[in-house]
Amino acid sequence: MTASLKRIFSLLTGLSAAALAMPPAAAQSPTADTIIVLDGSGSMWGQIDGRTKIEIARETLSGVLLDVPASMNIGMMVYGHRVRGRCSDIEEVVPVGPAGQTVPRMIDAAAAVNPRGMTPLSAAVRQAAQTMRHTERAATVVLVTDGIETCDADPCALGRELEAAGIDFTAHVVGFGLSGDEGRQVACLAENTGGLYLAADDAEGLNAALRQTVAVDERDFVDDVAQIEPADSDFVDEDPAASPRRVEFILRDTDGGPQLTIRNVQMTVEAAGEGSFEDFELYYEDRPFTAAGTFVPGRYIAYVTREESRKNQIRTRLEFEVEPGDGTQTIERTIAARLRVNTFINAAEPLAPGETVRSGVAGSGGAYYWAYPVVDGAVDEANVITDTSASFDRTLPPGTYLLRGTFARTITREKLVTVNAGGTTELDFDFGLTRVYFDVRDAQGFPAARQTTFLTDQPTGTSRSIYFASGSSFSSSGDPGPFFLPRGLWRVNTGAEGGGARRAEVMVRVDGNGGEQRLRLSEGQRLSEQDIAAMSGPERGPGCIARRGTSNAANACLVEEADLSGGSASQSETVDEAATDGPADPNEGNDPQPGQSDEAAPSDGAALPPGIYGVLPGADHASLDSQQIARAVNACMLRPYIAYPDGLLVAKTFEAELANAGRSPYRIANHAFCTRGANTLRCDVRAGDIGTGGTGNQIVAAISISDEGHINLAPVDGSTGSLFYACVRPGGEIDVAETLPDGRRAIDHIMARSDGGPELSYADDGTYRGPAEPGAPAGAPEPGGDFSAVAGLYGFLKPDQGYPLAGDALLDRCYLDGLALFPDGLAQNFRPNFGTQPPAGTIDAVEPIMHMYCRGTADSAKCDAHQGGYPGAGGKPQLIEMTTAAADALRLCQPGEPPDRCRIAQKCENPRQAFAGDLPAPDGSPWFERVLNRNDDGPGLQ
């Protein structure tokens with residue numbers, strides 16, 4: 001530190017000591033910057049003396065604000081007022097400024113608050129403190145809350161943190177309608193920062209609390225510290241070349257891009273030689289630079305971390321030199337690159353960012369993208385650094401990426417793209433899809449009821465189906481929803497859900513020129529011999545290379561795989577170019593595709609030899625002993641793994657109480673869709689049954705198979721390998737004829753799958769005979785019974801939440817995991833789709849998770865549940881038993897399930913009022929109406 005800087009530091013230290021010696025004010029001083037943080041969470045619709053809390057708060061706050069001194073700096077934040085279920089819903093509605101300018105805006109902003117969300121009070125106070133940190137004035141937050149923290153944060157710890165940081169900061173907390181216990185949970189935030197906790201039980205109490213913490217009388221404050229004018233010699237350094245100077249840093253992602261701030265980056269600096277620096281700090285948007293400090297001329301290194309999302313972290317090392325001289329030196333750098341994807345359904349039909357189109361799969365379809373870094377010619381599947389949906393415009397580290405796109409949850413393409421440092425790369429991503437409509441009619445010309453559709457690129461079987469029982473939804477005009485298909489020949493099985501032999505089965509020829517194709521089909525239609533021959537020949541097209549997709553459709557049909565052997569030309573692009581000269585072999589000249597191997601493939605599409613396995617972590621088939629075999633046989637019955645002919649791998653667990661009750665005892669623990677290379681296996685493992693798991697783990701392993709059919713897997717990430725012990729085989733230890741109490745063979749229970757895909761077939765001696773073609777998924781029963789007494793909107797409670805819930809907690813469950821039960825027994829489970837970023841001015845899209853039909857009474861009903869939204873089938877139905885748990889709660893259980901594993905759904909309180917004024921869904925429809933409406937003429941909810 002130079003002599004002049006030491007002199008300044010000593011003077012400032014004296015000023016600080018003088019300021020600390022002044023007596024503290026009992027409440028807010030006009031010299032402090034103040035932010036009012038207003039609770040906009042859903043519980044503010046609660047009432048006090050017949051009036052809603054938000055109405056009282058608006059009126060009281062307006063009266064208090066009109067009396068604040070004109071010289072006071074004041075602003076306002078609100079939380080929980082825009083989006084349900086998001087702890088990040090915090091907005092600075094009026095920045096701090098002179099009261100004469102900000103008070104009218106604050107009154108208007110309070111009047112516009114429409115409560116609907118969570119209570120992230122700790123995060124809101126933290127954000128308020130950070131917003132005012134850059135000033136040299138005292139800072140005060142006045143928090144008005146009617147609820148306790150609901151976002152997994154600790155207000156007491158935040159208070160201690162802010163106090164320990166040495167910031168001149170005070171938080172006052174006004175508990176509006178809180179119980180004594182609730183008040184104690186938030187009072188510590190005020191106490192730990194030297195503030196006040198004031199309880200307000202009604203309008204009069206709120207008015208008194210706000211006037212004590214916000215509107216105080218003007219006071220005279222005397223500056224007892226004299227201006228100190230140091231002599232010029234105090235500021236002269238003997239070595240002009242070593243005189244420190246101010247340096248301002250401007251960081252951007254790309255050339256010409258917006259300036260980054262402390263919200264975007266972390267930055268540390270160290271001297272590369274003998275240099276030194278002081279006062280280095282990152283700033284918010286209020287400054288025209290990212291960071292600044294005082295530096296002695298010399299060379300330095302900055303380490304910058306840019307975290308756009310949890311999975312997308314950019315780390316950059318910047319070297320810079322501070323030059324001797326007077327005035328401020330500005331250093332401007334770019335630290336990243338940007339990739340912007342333009343989506344095309346086909347060459348003639350672009351899709352705007354965030355836009356979706358009507359689809360026969362789940363009602364609407366859009367583009368979803370994942371980006372994987374390519375390192376030394378290999379895709380780093382375990383490090384997906386960008387997981388985005390609906391559109392793709394992201395900051396990335398410079399480099400080469402495999403971009404995987406899935407459209408309408410069904411078709412996947414892959415492309416290689418290189419993004420250069422400091423620039424924005426635009427990529428046109430053409431899915432090459434055609435809309436295909438299927439309209440099935442019975443002999444009298446009536447449309448098929450609850451039409452469902454299977455699609456595959458194979459002439460027989462369902463081992464490579466694109467869709468498993470996808471519902472072809474009809475609009476109000478009777479127009480069926482389209483399916484999006486790439487060029488090639490496709491077999492469709494479509495018709496009434498559970499229609500069996502009445503369903504139509506035909507071949508569809510898609511030319512790949514976009515547009516749309518409409519097929520009107522009659523029940524009972526069948527493929528001709530010529531169609532089967534055509535689908536067995538080369539004109540079938542690329543078809544499904546493998547099962548691969550993004551977060552919302554891991555088992556989608558991959559029709560274009562990126563070529564990593566050199567260049568960016570992809571396999572399907574080569575096929576398309578050769579199409580004018582005749583069909584091309586999509587595998588010619590390429591390495592084996594996933595699902596294929598140098599060895600003889602065990603079955604079409606199979607990644608592992610189909611069969612039932614017991615898994616032993618850390619074991620190896622080359623050194624099996626009798627003890628390991630005994631453990632493996634035990635695992636075969638209690639924790640079996642089933643490898644199906646289409647690449648599906650499912651892990652199940654045995655539950656004895658279900659077997660004793662005569663029920664199927666095997667529960668699905670997790671599942672994976674796997675693809676096979678020459679010596680490797682790649683699996684995307686997800687929790688739960690097919691279609692229910694979230695984003696899972698990518699596992700890539702080396703694979704070897706013994707003569708007995710046992711499999712060794714050695715993950716390439718260095719984790720412990722496993723032995724897959726073949727349970728059922730000639731001479732094996734498992735008796736294929738063994739039955740359970742319900743009379744069925746144990747292996748039949750083990751092999752069963754829920755999505756209608758191919759199962760396994762064994763001879764009596766344990767010889768695998770190939771895939772067993774399942775029948776059509778069983779249809780759901782017609783709704784039956786009168787459920788008017790319990791019909792309504794419910795929220796599923798989490799396992800660790802006790803019944804009953806109230807206020808914010810209940811509204812959050814109704815929004816995050818809702819169940820609409822209709823008077824005739826139809827019910828639909830829905831959740832907001834947090835995988836997408838909704839367009840501005842809209843709330844999250846609703847994603848149907850499950851629907852079911854119930855028969856019986858409100859006190860006791862049996863329901864057949866299907867995956868996905870009504871009227872889609874979603875595979876074979878699962879039996880659910882529904883009973884009335886309380887006056888406003890339902891209990892839903894699987895047969896034989898212990899009571900503590902059943903799900904409780906509690907009816908929402910005043911949903912019309914609680915959800916009134918919500919932002920619309922991205923398609924413009926009211927969110928509340930969207931979750932209550934049904935797609936047929938059945939009775940709705942009033």
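Author: Let us begin with a term: a disulfide is counted here when a pair of cysteine sulfur atoms lies within 2.5 Å. Please also keep in mind that this is a predicted model. Under that cut-off, Cys 674 and Cys 683 form a disulfide, with their sulfur atoms 2.1 Å apart.

Reader: Okay, and how many disulfides does that rule give?

Author: The count comes to eight disulfides by this rule. Another of them is formed by Cys 854 and Cys 863, whose sulfur atoms are 2.1 Å apart, and a further one joins Cys 893 to Cys 902, with 2.0 Å from S to S.

Reader: Which hand does the link of Cys 674 and Cys 683 have?

Author: That link of Cys 674 and Cys 683 is right-handed, with 110 degrees about the S-S bond. For Cys 854 and Cys 863 the torsion about the S-S bond is about 105 degrees, so that disulfide is right-handed. The torsion for Cys 893 and Cys 902 is about 115 degrees, and therefore this disulfide is right-handed as well.

Reader: Are Cys 674 and Cys 683 buried or exposed?

Author: Both Cys 674 and Cys 683 are buried, and both Cys 893 and Cys 902 are buried too. Cys 854 has a relative accessible area of 0%, so it counts as buried, and Cys 863 is buried because its relative accessible area is 0%.

Reader: Let's zoom out. What is the protein chain made of, in helices and strands?

Author: The protein chain has 15 helices and 53 strands. Of its 942 residues, buried ones make up 52%. The chain exposes about 40500 Å², and carbon and sulfur atoms supply 49% of that area. If you take the contacts between residues at least 6 apart in sequence, 63% of them join residues at least 24 apart.

Reader: Where do the nonpolar residues go, then? Which ones have the most contacts inside the largest nonpolar core?

Author: As background, nonpolar side chains in soluble globular proteins tend to be buried together. The largest nonpolar core in this model has 44 residues, and those with the most contacts inside it are Leu 339, Tyr 369, Leu 403, Phe 407 and Phe 438. Apart from that core lies another one, of 33 residues, including Ile 54, Ala 99, Val 113 and Val 142.

Reader: And what is Leu 339 in contact with?

Author: Setting aside its neighbours within four places in sequence, Leu 339 is in contact with several residues, among them Phe 392, Leu 396, Leu 403, Val 417 and Val 419. The list also includes Asp 393, Arg 394 and Thr 425.

Reader: New topic: which strands close into a barrel?

Author: Eight strands do so, in the order 46-47-48-49-50-51-52-53, with antiparallel pairing. From one strand to the next, the twist averages 30 degrees. Helix 13 (residues 807-816) packs on the sheet, where it touches strand 46 (792-796), strand 47, strand 48 and strand 53 (903-907), and its direction makes about 100 degrees with that of strand 48.

Reader: How many bridges join strand 47 to strand 48?

Author: Four bridges join strand 47 (residues 818-821) to strand 48 (residues 826-832), and the two run antiparallel. Within that pairing, Gly 818 stands opposite Phe 830 in strand 48.

Reader: I also noticed strand 31. Why would I call it largely enclosed by the rest of the structure?

Author: Strand 31 (residues 488-496) is largely enclosed by the rest of the structure because nine of its nine residues are buried. Six bridges join strand 28 (residues 451-456) to strand 31, running antiparallel, and there Phe 454 stands opposite Asn 493 in strand 31. Strand 31 also pairs with strand 32 (residues 504-510) in the antiparallel sense, over seven bridges, with Val 492 standing opposite Val 506 in strand 32.

Reader: Last one, about loops: where does Ser 664 lie?

Author: Ser 664 lies in the loop between helix 11 (656-660) and strand 39 (666-676), and its relative accessibility is 38%, so it counts as partly exposed. Although Ser 664 and Ile 750 are 86 residues apart in sequence, they are 9.0 Å apart in space, C-alpha to C-alpha. For another loop, look at Gly 721, which lies between strand 42 (711-715) and strand 43 (722-726). Leaving aside neighbours within four places in sequence, Gly 721 is in contact with Pro 617, Gly 618, Leu 713, Ala 714 and Pro 715.

Methods:
Residues numbered from 1 in each chain as written. Predicted model: local features only at pLDDT ≥ 70, side-chain atom pairs only at ≥ 80, totals over all residues. Heavy atoms only, no water. Core = buried A, V, L, I, M, F, W, Y, C linked by side-chain atoms within 4.5 Å. Buried < 20%, exposed > 50% of the residue type's maximum accessible area, 1.4 Å probe, protein only. Contact = heavy atoms within 4.5 Å. Areas by Shrake-Rupley, 256 points an atom, 1.4 Å probe, with all protein chains shown as cover. Pairing = 2+ DSSP bridges. Axes fitted to C-alpha atoms, helices over the stretch in contact; angles between N-to-C directions.
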